[in-house]
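I opened my notebook for a first walk through a structure that was new to me.

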Amino acid sequence: MTAAKRLAALFLSSFVIPILLVLSACSAGGENPTQDPGGTTLIYAQISEDGVDREWLEKFNSEHEGEIQIEVRDYSQTSEHGEQGINLLMTEIAAGKIPDIIELGTSGETTELPYRKLAEQGFLEDLWPYIENDMGLGRVGVIEAPLKAAEVDGGLYTVFEGFRLHTLTGAKAVVGDRTGWTVEDLLEAFETMPDGAVILETYEDYSVQQHLLASFLYGFSDLFIDLESRQCYFDGETFCSILDLVKRVPDECSWHPYYTSLEDRKYEYQDRQMDGLVMLDDTSFTYYNDFWLADFYLGEATCIGYPVGDGSPGAYIEPRGIKLAMSSTCADKDAAWQYIRWELCPKPDEAWGFPVNKKLHSRVRARAVVAHNVLPGDTSYFFYDPMTKEEVEYVTSLFDTNRSSILLDKEVRDIVLDTAGAYFAGDRDLEQTVQMLNDRVGLYLNEQM
């Protein structure tokens, strides 16, 4: 039996897809491409409309004409949100029709394809050996922390050009000078806040409760779900305390009628932070200077982290940009790597976020300690004071986490948010909610894995 057939048999025994439904929309996949008599054609599975770097694709094909060509197979257009295209791709993978290069998606929080599942079931190639043996990269050429956070059982099955860090930030005078805490610690700190203060709020147009709960899931789902045994522990003390905390957070903010636009609300929100009326900020560090902003609005800031109480820093990493993988049955793995490695190389335009490439990352770090530094893409002409080397090191230390948002299955996230919504609305009590979560997520895991 070939490797592809063995993988297909394994996958079909553990992953069931409505094949008849998606095959009716099979125009996205197409047939196997015509092979160039003078070379090899590698198939690139595209699942996002903006998922192909066309400039790099054309450059690669031009430089390798007659040897290796990358052919894009588009799975992004078969339905309004791409679901049927993704289902079609998964069906083809299960049937042994596995693309050579697989785009896992461009969404920041997670991947459109089940990354962990594909890796654990042997469909993806471990990319660490390719990085280590790459004369232009090697482990010394990349920031290891975000890549290690994306590992599955010690193997790295996707690469990406940038990342950002998620944590909760508060005034040191309120939350202390520490990293990592419990929900009980948080509530004790909140008792010191003035009347009218809130634990957390936002000026953005989204449900604060759903957003905050999703953040706990992106970084810390391993505390509530054991994927190996397919057991769920949503009825445990940690998750119950998290649900109780999220329910205490106002889901919507009341703004003065004057503050009508998003930009106006942002300034009012920052004023409330400076006045000590908002204890925590759900912070996404995209650049080093974001910590300077936290200090500016919160006073001397501490990146206290999400209160999961497991002794960790309570932070997680979100990969940014296109996330590429190589199939374990790729027709020419060395050639595929020459295409994929582009994600880790310096580019004319800097990554939106902290770069994974160490040379580019070092330049970003150096600029953080320079006065009058304007962030890339910032059109407000706000001049930033220089950061100290100690502040830069402090932010860098937060990268050292084994938590990555792409390890969470999107379906699990949606089940949890849907079920918890009724609890937040008062339509279901805590005991009913966590039992339903154990049942629904457990059923999904046992059906799909």
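Here are my entries, in the order in which I looked things up.

**Entry 1: confidence**

I began by noting that this is a predicted model. I looked up the confidence and found that the chain averages a pLDDT of 84, with 84% of the residues scoring at least 70. Where is confidence lowest, and where is it highest? I found the lowest mean, 35, in helix α2 (residues 19–23), and the highest, 98, in helix α6 (residues 128–132). I also marked residues 1–35, where pLDDT stays under 50; the model has 64 contacts beyond four places in sequence for that stretch. Residues 377–381 stay under 50 as well, and there I found one contact beyond four places in sequence.

**Entry 2: a sheet of four strands**

Next I traced an open sheet of four strands, in the order β2-β1-β3-β11, with mixed pairing. I saw that β2 and β11 (323–326) stand at the edges with a single partner strand each, so one side of each has no neighbour in the sheet. From one strand to the next, the twist averages 25°.

Strand β1 (residues 40–46) runs parallel to β2, and seven bridges join them. Which residue in β2 is the bridge partner of alanine 45? I found arginine 73 there.

Helix α14 touches β1, β2, β3 (101–105) and β11, and its direction makes about 170° with that of β11.

**Entry 3: the two sides of α3**

I stayed with helix α3 (residues 54–63) and asked which of its residues are buried. They are Trp56, Leu57, Phe60 and Asn61. The buried residues of α3 pack against β2 (68–74) and α14 (333–340).

**Entry 4: a covered strand**

I turned to strand β10 (residues 316–320) and counted how many of its five residues are buried: five. I wrote down which way they point. Tyr316, Glu318 and Arg320 go one way from β10, and Ile317 and Pro319 go the other. I also found that β10 pairs with strand β4 (residues 162–171) in the antiparallel sense, over five bridges. In this pairing, leucine 165 stands opposite isoleucine 317.

**Entry 5: two crossing helices**

I compared helix α12 (residues 262–274) with helix α13 (residues 290–298). Their axes come within 7 Å and cross at roughly 65°. I listed who meets whom: Gln270, Gln273 and Met274 from α12, and Phe296, Tyr297 and Leu298 from α13. The residues of this contact divide into four nonpolar, two polar and no charged.

**Entry 6: one asparagine in a loop**

My last stop was asparagine 289, in the loop between β8 (278–285) and α13. Is asparagine 289 buried or exposed? I found a relative accessible area of 3%, so asparagine 289 counts as buried, the cut-off being under 20%.

Methods: Residues numbered from 1 in each chain as written. Predicted model: local features only at pLDDT ≥ 70, side-chain atom pairs only at ≥ 80, totals over all residues. Heavy atoms only, no water. Axes fitted to C-alpha atoms, helices over the stretch in contact; angles between N-to-C directions. Contact = heavy atoms within 4.5 Å. Nonpolar A, V, L, I, M, F, W, Y, C, P; charged D, E, K, R; others polar. pLDDT = per-residue confidence, 0-100. Buried < 20%, exposed > 50% of the residue type's maximum accessible area, 1.4 Å probe, protein only. Pairing = 2+ DSSP bridges.
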